[in-house]
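Colleague: I am new to this structure and would like to learn how to read it feature by feature. Could we look at it together?

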Amino acid sequence: TFDARGHQESSGTLFSYSSLKNYGNDEYRDIVAIVNFLYHYNRENNLPRDIIIHGICSGAFHAAKAVAHLK
């Protein structure tokens, strides 16, 4: 499993002005990292390299931003 930025053991707190002001700025980077990891893992293990990214609500925004970054 992957730990998204600001959740569980990641750094960051939700209840501060700085965190609220920057909420959502970097989440797409977690998706980019996951896609890069899966791509290289699949390539090294001769698995299909097709990856489907799915997000709901704000996750859909972060997924779209990640795809635009990867493109």
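Colleague: Among contacts in the chain between residues at least 6 apart in sequence, what percentage join residues at least 24 apart?

Modeller: Contact means heavy atoms within 4.5 Å, and among contacts between residues at least 6 apart in sequence, 51% join residues at least 24 apart. Please keep in mind that this is a predicted model, in which local features need pLDDT of at least 70 and side-chain atom pairs count only at pLDDT 80 or more, while totals for chains, interfaces and linings use all residues. Residues are numbered from 1 along each chain as its sequence is written, and side-chain values use heavy atoms, with hydrogens and water left out.

Colleague: How many helices and strands does the chain have?

Modeller: Helices (H or I, at least four residues) and strands (E, at least two) are DSSP runs, numbered from the N terminus. Here the chain has three helices and zero strands, which reads along the sequence as α-α-α.

Colleague: How should I read the span of helix 2?

Modeller: The expected span of a helix is 1.5 Å times one less than its number of residues. Helix 2 covers residues 27–44, and its 18 residues should span 26 Å, which agrees with the 26 Å between its end C-alpha atoms. Just after helix 2, Asn46 takes a positive phi of about 55°.

Colleague: Which residues of helix 2 are buried, and against what do they pack?

Modeller: Buried means under 20% relative accessible area, exposed means over 50%, and partly exposed lies in between (1.4 Å probe, protein chains only). In helix 2 the buried residues are Glu27, Tyr28, Asp30, Ile31, Val32, Val35 and Asn42, and the buried residues of this helix pack against helix 3. Over the chain, buried residues make up 15% of the 71 residues.

Colleague: Which residues make up the largest nonpolar core?

Modeller: In soluble globular proteins, nonpolar side chains tend to be buried together. A nonpolar core is a set of buried Ala, Val, Leu, Ile, Met, Phe, Trp, Tyr and Cys residues joined through side-chain atoms within 4.5 Å. The largest one has six residues, namely Tyr28, Ile31, Val32, Val35, Ala63 and Ala66. Helix 2 and helix 3 are the elements that give two or more residues to this core, and helix 2 gives the most, with four residues. Leaving aside neighbours within four places in sequence, Ala63 is in contact with Ile31 and Ile53.

Colleague: Is His62 buried or exposed, and with which residues is His62 in contact?

Modeller: His62 has its place in helix 3 and counts as buried, because its relative accessibility is 9%. Apart from neighbours within four places in sequence, His62 is in contact with Gly24, Glu27, Tyr28 and Ile31.

Colleague: How many aromatic pairs does a search of the whole structure find?

Modeller: Rings of Phe, Tyr and Trp (its six-membered ring) pair if their centres lie within 6.5 Å; planes under 30 degrees apart count as stacked, over 60 as edge-to-face and the rest as tilted. The search finds one aromatic pair: the rings of Phe37 and Tyr41 have centres 6.2 Å apart and planes at 20°, so the pair is stacked. Both residues lie in helix 2, four residues apart, about one turn of the helix.

Colleague: Which residue forms a salt bridge with Asp26?

Modeller: A salt bridge is a side-chain nitrogen of Lys or Arg within 4 Å of a carboxyl oxygen of Asp or Glu, and by this rule the count comes to one. Asp26 forms it with Arg29, the closest N and O atoms being 3.8 Å apart. Asp26 is partly exposed at 31% relative accessibility, and Arg29 is partly exposed at 45%.
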